[in-house]
Amino acid sequence: MLLNSYNTTLVTPLFMRRFYHDLYRGLLAILILLPLTANATQIDTSSNSPVTPQVRIGLHGMLLFGSEYGLFASHLPMFHTPHNAQVVLQLTFDDPQINTAVINGLTLSAASGYPIWTIVPQQFDLSMLSPAHPNHINHLSVDIVKGHFERGGETQWKNQGLTVAKVLVFNELDTQFELQKASNNTYLKVNNTPDDKVQFLVKRLTTRPDADHIVRLDNVGNSLPTEIVIPVDAAKLFNDEAQLRAALPDTAPKKTTLTTSNTKLKTTSPMTTVSRVYIELDELK
């Protein structure tokens, strides 16, 4: 009994000291290796994993515009998430009767000098409209509004399906303020075919602040360039319609002579006209 008690008194403290010593060394080794392991994981992730597209889930209202030649929509952008992307689409509504009614409505509104129509999709990730998105989509369900949907517009049809025929622009916007401005503006041609008599110009957005500016071209004669680059006054963010009309090629009236057996008839083709569809400054400050 005494021997057993003596052995217990000697062995137990020695055993416990070794146990805690080994435990301390083990924990120390883990702490030393942990940062190295973390760094290795970060390197593997950045080198082997694809870039994840920015998620832009929200209520993404869009300007609806077009003519008998085709329909288009332009996302109403802002310089903050989830709206920091300029997106322009060519589209058709799934219901042919709705498609025709919208074209007629846009034509009447343009003639009245109040051409604003908008569409309001159900909430979705705007980034998924990009052709580069791994889960790219080309179909939306929208409400169609005569007027601006946030400024007193009147809903004409609800829950209408539309198919995106083509993504014409997907331009991600930098949300930083007061980046250096270019001395020129670029206006992008939007049409269904180069021979459309009605076409549109959409200003490419660059840095904050900017102007969301869309104009309509009527009586288009010859084919227009894909882009029109035009100098801009540093005090302004966009070029007005008179400046754009002056920058268009071949906008002068064309005189032609039609010869018949008895007479010669002189005719003049109408000049291409430029009218404003939409301008927004406050939302892009």
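Analyst: Start with pairing: two strands pair if DSSP finds at least two bridges between them. This is a predicted model. Here strand S10 (residues 199-203) and strand S11 (residues 212-218) run antiparallel, joined by 4 bridges.

User: Which residue in S11 stands opposite Val 202?

Analyst: Ile 214 does.

User: What holds such strands together in general?

Analyst: Strands of a sheet pair through backbone hydrogen bonds, either parallel or antiparallel. In this model, S10 also pairs with strand S9 (residues 184-190). Their sense is antiparallel, with 4 bridges. Val 190 has Phe 200 in S10 as its bridge partner.

User: How many bridges link S9 and strand S12 (residues 227-231)?

Analyst: There are 5, again in the antiparallel sense.

User: What is the order of the strands in the open sheet?

Analyst: The order is S12-S9-S10-S11-S15, 5 strands with antiparallel pairing. S12 and strand S15 (273-280) stand at the edges. Each has a single partner strand, so one side of each lacks a neighbour in the sheet. From one strand to the next, the twist averages 25°.

User: Is S9 mostly covered or mostly exposed?

Analyst: Mostly covered. Of its 7 residues, 6 are buried.

User: Now a single residue. Is Ser 109 buried or exposed?

Analyst: Buried means under 20% relative accessible area. Ser 109 has 4% relative accessibility, so Ser 109 counts as buried. Ser 109 lies in helix H2 (residues 96-112). Beyond neighbours within four places in sequence, Ser 109 is in contact with Tyr 114, Pro 115, Trp 117 and Lys 146.

User: And charged side chains?

Analyst: Side chains of opposite charge can pair when their charged atoms come close. The structure holds 9 salt bridges. One of them joins Glu 280 to Arg 151, with the closest N and O atoms 3.0 Å apart. Glu 280 is in strand S15, and Arg 151 is in the loop between strand S7 (139-146) and strand S8 (154-172). They are 129 residues apart. Glu 280 is buried at 8% relative accessibility, while Arg 151 is partly exposed at 46%.

User: Which other residue forms a salt bridge with Arg 151?

Analyst: Glu 283, with the closest N and O atoms 3.7 Å apart. Glu 283 sits in the segment after S15, 132 residues from Arg 151. Another salt bridge joins Arg 276 and Glu 241, at 3.0 Å between the closest N and O atoms. Arg 276 lies in S15 and Glu 241 in helix H3 (residues 241-247), so this pair ties together parts 35 residues apart in sequence.

User: Which residues do shared partners join into one network?

Analyst: Arg 151, Glu 280 and Glu 283.

Technical notes
Residues are numbered from 1 along each chain as its sequence is written. This is a predicted model: local features need pLDDT of at least 70, side-chain atom pairs count only at pLDDT 80 or more; totals for chains, interfaces and linings use all residues. Side-chain values use heavy atoms; hydrogens and water are left out. Buried means under 20% relative accessible area, exposed over 50%, partly exposed in between (1.4 Å probe, protein chains only). Helices (H or I, at least four residues) and strands (E, at least two) are DSSP runs, numbered from the N terminus. Axes are lines fitted to C-alpha atoms, for helices over the stretch in contact, and angles run from 0 to 180 degrees between N-to-C directions. Contact means heavy atoms within 4.5 Å. A salt bridge is a side-chain nitrogen of Lys or Arg within 4 Å of a carboxyl oxygen of Asp or Glu.
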